[in-house]
Amino acid sequence: MTRTLAFTAAALLAAGAQAQVLGFGSAPQGSIGYNMSSAIAKVMAEDAKLQSRVQPYSGSSAVLPLVNSGELDLAVCNVLEIEEATRGEGPYNGRKQANLRVLAVIFPLLSSIFVRKDSPIKTLADLKGKRIPAGFSAQVTLDRIIDAVLANGGVERKDIVPVLVPNVIRGADDFVEGKVDGGFFALGAAKVLEVHKSVGGIRYLPLSDDPAAVARMKKHMSYAYVTTVNPSPAFAGVAAPTKLMAYDYLVAVGAHVKDEHAYKIAKAMYENKPKLIE
């Protein structure tokens with residue numbers, strides 16, 4: 001009887017281990033981060049047989065410390081966020097997140113400031129004196145990214161009117177409500193399409209690839225580069241070839257995640273690129 005109970009207990013423990021659900025932290029619903037997390041979670045389940053639960057938070061600034069502590073297992077974030085977190089710099093000054101690991105580069109995020117389609121604002125330089133979302137208490141690295149975009153157009157923080165928001169979702173809502181003159185969001189997000197439809201069309205402001213403009217941008221965001229984006233049904237706000245700022249989007253995991261699980265996640269992503277794109 002004792003032997004039978006021991007065998008049953010061992011079997012239950014093994015089943016429990018196999019049924020482990022990984023915690024996948026993401027940005028709020030409607031964001032690129034949430035969409036990408038959901039897509040990766042799907043291929044993890046279908047291909048790697050790893051179950052995960054996508055848990056949206058206010059922003060990556062709330063998520064990465066949870067991955068570092070082991071409360072979550074993986075998350076998506078941009079290259080600047082993981083650098084500052086692992087080095088204990090910028091918003092993570094004195095809070096080094098030493099247990100974060102980069103698992104994979106997903107794709108470059110494409111962004112700029114967008115305005116209403118019929119706005120008289122045509123260039124980044126025209127944003128001087130205009131209301132722009134800022135602060136991003138739940139996505140703290142975004143202030144530097146916006147500063148990089150503005151610097152490309154010769155605009156500094158002192159030249160604009162900052163409107164404090166916790167994250168890009170709130171910033172987008174403020175744009176729809178007319179509380180800001182220019183919005184900020186990565187190209188291709190579901191929320192961008194929602195804003196586009198709500199205001200009768202938006203238009204991303206182009207960046208310059210002139211060396212001096214790129215140098216100004218890189219002072220704030222050294223990993224950023226300028227690339228031309230062509231119109232696509234998935235890209236609301238880009239009606240003609242437009243130069244935007246690009247920077248890498250990554251999958252980060254905690255050091256506590258088993259090597260075999262990390263390998264399966266990376267393999268599933270690599271082998272299911274068409275599904276992720278879809």
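Modeller: One definition to begin with: the expected span of a helix is 1.5 Å times one less than its number of residues. Also, this is a predicted model.

Colleague: Fine. How many residues does H2 have, and how far does it reach?

Modeller: H2 has 17 residues, and from its first C-alpha to its last it reaches 23 Å, close to the expected 24 Å.

Colleague: Which residues of H2 are buried?

Modeller: The buried ones are Ile32, Gly33, Tyr34, Met36, Ser37, Ile40, Ala41, Val43, Met44 and Ala48.

Colleague: And what follows H2?

Modeller: Lysine 49 follows H2, and its phi is positive, near 60 degrees.

Colleague: How do the axes of H2 and H9 cross?

Modeller: The axes of H2, residues 32-48, and H9, residues 259-271, cross at roughly 100 degrees and come within 9 Å. Angles of 65 to 115 degrees count as roughly perpendicular, so H2 is roughly perpendicular to H9.

Colleague: Which residues make the contact?

Modeller: From H2 there are Ile40, Val43, Met44, Asp47 and Ala48; H9 supplies Lys264, Ile265, Ala268, Met269 and Glu271. By class, that contact of H2 with H9 has seven nonpolar residues, three charged and no polar.

Colleague: Switching to the sheet. What is the strand order?

Modeller: The order is E8-E5-E9, three strands in an open sheet with antiparallel pairing. E8 (183-184) and E9 (202-204) are the edge strands, each pairing on one side only.

Colleague: Over how many bridges do E5 and E9 pair?

Modeller: Three bridges, in the antiparallel sense, with E5 covering residues 113-116. Valine 115 is opposite arginine 203 of E9.

Colleague: Which strands does H6 touch?

Modeller: H6, residues 168-176, packs on the sheet and touches E5, E8 and E9. The direction of H6 makes about 25 degrees with that of E5.

Colleague: Last topic, aspartate 126. Where does it lie?

Modeller: Aspartate 126 is in the loop between E5 and E6, the latter being strand 131-135.

Colleague: Why does aspartate 126 count as partly exposed?

Modeller: Because its relative accessibility is 31%, and partly exposed runs between the 20% limit for buried and the 50% limit for exposed.

Colleague: What is aspartate 126 in contact with, leaving aside its neighbours within four places in sequence?

Modeller: Pro120 and Ile121. As for valine 165, 39 residues apart from aspartate 126 along the chain, the two C-alpha atoms are separated by 22 Å.

Notes:
Residues numbered from 1 in each chain as written. Predicted model: local features only at pLDDT ≥ 70, side-chain atom pairs only at ≥ 80, totals over all residues. Heavy atoms only, no water. Axes fitted to C-alpha atoms, helices over the stretch in contact; angles between N-to-C directions. Helix = DSSP H or I, 4+ residues; strand = E, 2+ residues; numbered from the N terminus. Parallel < 35°, antiparallel > 145°, perpendicular 65-115°, else oblique. Contact = heavy atoms within 4.5 Å. Nonpolar A, V, L, I, M, F, W, Y, C, P; charged D, E, K, R; others polar. Buried < 20%, exposed > 50% of the residue type's maximum accessible area, 1.4 Å probe, protein only. Pairing = 2+ DSSP bridges.
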